[in-house]
Every structure is written in structure tokens, then in C-alpha cells.
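Please work through the exercises below with the structure in view, trying each task before reading its solution.

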Amino acid sequence: MSSRLFAISFDAHRPERLARFWSGLLGLERADDSCGGVALLSGNDADYRLGFRPSQARKVAQNRLHFDLTSSSLEDQQETVARALGLGARHADVGQGPDASHVVLADPEGNEFCVLEPGNKFLLGCGLIGALACDGSQAVGYFWSEALGWPLVWDQDEETAIQSPNGGTKITWGGPPLMPDPGKDLHLDLAPDDDQQAEVERLLSLGAKRLDSAGGGDGAVLLADPDGNEFRVLTHPDR
């Protein structure tokens, strides 16, 4: 048994509006969605979607998960920043300091993301969405490597990273200490390769915890990873 990363999903107060922002910023096309929200095709080698799920959750702290966008040149970085600001983003201060070479922004619902400077060798070839950068422990990196079948591509000083065997976006964890739960964040949606309940049991055996029903009437099962981050195991979403 295993799961595929079906979507990286945002908690969204206004899913349509937030999807338009990210579609405009990244040049992504709309996808059919059977999971109670709006979806975009990522066009990334890791073969996932961006999801935007209706949520009333309030953002009370910095997101634990955020995107690192890559740049091919300083001009490209500046153009991405300008495009984001034009679509409704704002500059954000997460303690990066005035000399940081990357630019930290927040989308119209406050989700932080970074536009990296050119020359980042670690994310070379990963695509525009170079990384989903997560606050989290070494143990949670190991958990997600087993859960998705994505090998570790970094494991040093309690920092970990995994990547699909097909390439594309890396998922990284920065090690302790763990930031507080932001309330409103990004989450992973998994599509089991076979039986949903059998896959849920496998994930529980790896260290996940069962939470209340995911709701929405789509049959998804809501779990939490070893660091307490919620994620969903879907039934049989359309690919």
C-alpha cells in the first residue's frame, strides 16, 4: 500500500479568489475538483494539484508550511514579486532581516511564501514551486518519506527533505523548535493507490493519529502526522 500526493491544499475563506491569485501568479490552469473546493493543475514533475478548501479557521500565527518559488535571474525574481503584488500580495516580515536575498510575501489571505534569489543549487530543476518548506521535526520528515514513498534527498542536522522519484517540488523540514499551530495553513491531500481504510491503517502504523471526520461529504479521512499537522486521505479522486 502507498499514497500519492494528490494536492497541496490551502485553508481558504474565499477559495475562488485565492485560486485566482495563485493561478495568475504561477500561470496554472483550473482542474476539475471532486473534493469540495477549487483546484489548479501544478504542472510540476511531482504531479500534484493546488487545492483551495473552504475553511472558517482563523490564522493566528505564521504558517508552518509555505512555498519557496525559484528564480532564473534577478530580473525574473523582481518580475515574480511585482506580479504577486499586482495580484494582491503584500510584503511580510517573518524575521528575515533587511539583508535577505529572498523576498517574503503573503497572499491575499495571509499565507506566507518566498521568492528565492537565483542560483539556489538545492532547488535546481525543481520547477517554479521549488519547495514546500515546512516547520517540522526530523521524525516527521521520515514519516512523510515512508507515507509517500519519496526518498530522502537531505538528512543533516535534524533537517530533512524528500522528493518524488519523478523529480519536481521538494518537501523540506527545518528541524526544531516547532512553531505554534497557525490555525489556518496548508495541508496535504493523499490519494491511496488502493483501499482507503487499509492505507489509513498503514499511516497510523507509521505514526499518524486519527482525528475527527474531514467533513464535506467526500468520504475523506482526517489524520495528523507526528508533528500534529492535519492531512486528508481521500477516497478515489479523479486524476
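A residue counts as buried when its relative accessible area is under 20%, as exposed when that area is over 50%, and as partly exposed in between. The model shown here is a predicted one.

**Exercise 1.** Classify E201 and R210 as buried, partly exposed or exposed, and find what joins their side chains.

Solution. E201 has a relative accessible area of 45%, and is therefore partly exposed. R210, with a relative accessible area of 44%, is likewise partly exposed. The two residues form a salt bridge in which the closest N and O atoms are 3.3 Å apart.

**Exercise 2.** Decide which parts of the chain are tied together by the salt bridge between K184 and E109.

Solution. The closest N and O atoms of K184 and E109 are 2.9 Å apart. K184 lies in the loop between β12 and β13, and E109 in the loop between β7 and β8, so the pair ties together parts that are 75 residues apart in sequence. K184 counts as buried at 1% relative accessibility, and E109 counts as buried at 15%.

**Exercise 3.** Work out how helices α1 and α2 are oriented relative to each other.

Solution. The axes of α1 (residues 15-26) and α2 (residues 74-87) come within 9 Å and cross at roughly 155°. Angles over 145 degrees count as roughly antiparallel, and the two helices are therefore roughly antiparallel to each other. In their contact, F21, G24 and L25 of α1 meet T80, R83, A84 and L87 of α2; these residues divide into four nonpolar, two polar and one charged.

Terms used
Residues are numbered from 1 along each chain as its sequence is written. This is a predicted model: local features need pLDDT of at least 70, side-chain atom pairs count only at pLDDT 80 or more; totals for chains, interfaces and linings use all residues. Side-chain values use heavy atoms; hydrogens and water are left out. Axes are lines fitted to C-alpha atoms, for helices over the stretch in contact, and angles run from 0 to 180 degrees between N-to-C directions. Helices (H or I, at least four residues) and strands (E, at least two) are DSSP runs, numbered from the N terminus. Angles under 35 degrees count as roughly parallel, over 145 as roughly antiparallel, 65 to 115 as roughly perpendicular and the rest as oblique. Contact means heavy atoms within 4.5 Å. Ala, Val, Leu, Ile, Met, Phe, Trp, Tyr, Cys and Pro count as nonpolar, Asp, Glu, Lys and Arg as charged, and the others, Gly among them, as polar. A salt bridge is a side-chain nitrogen of Lys or Arg within 4 Å of a carboxyl oxygen of Asp or Glu. Buried means under 20% relative accessible area, exposed over 50%, partly exposed in between (1.4 Å probe, protein chains only).
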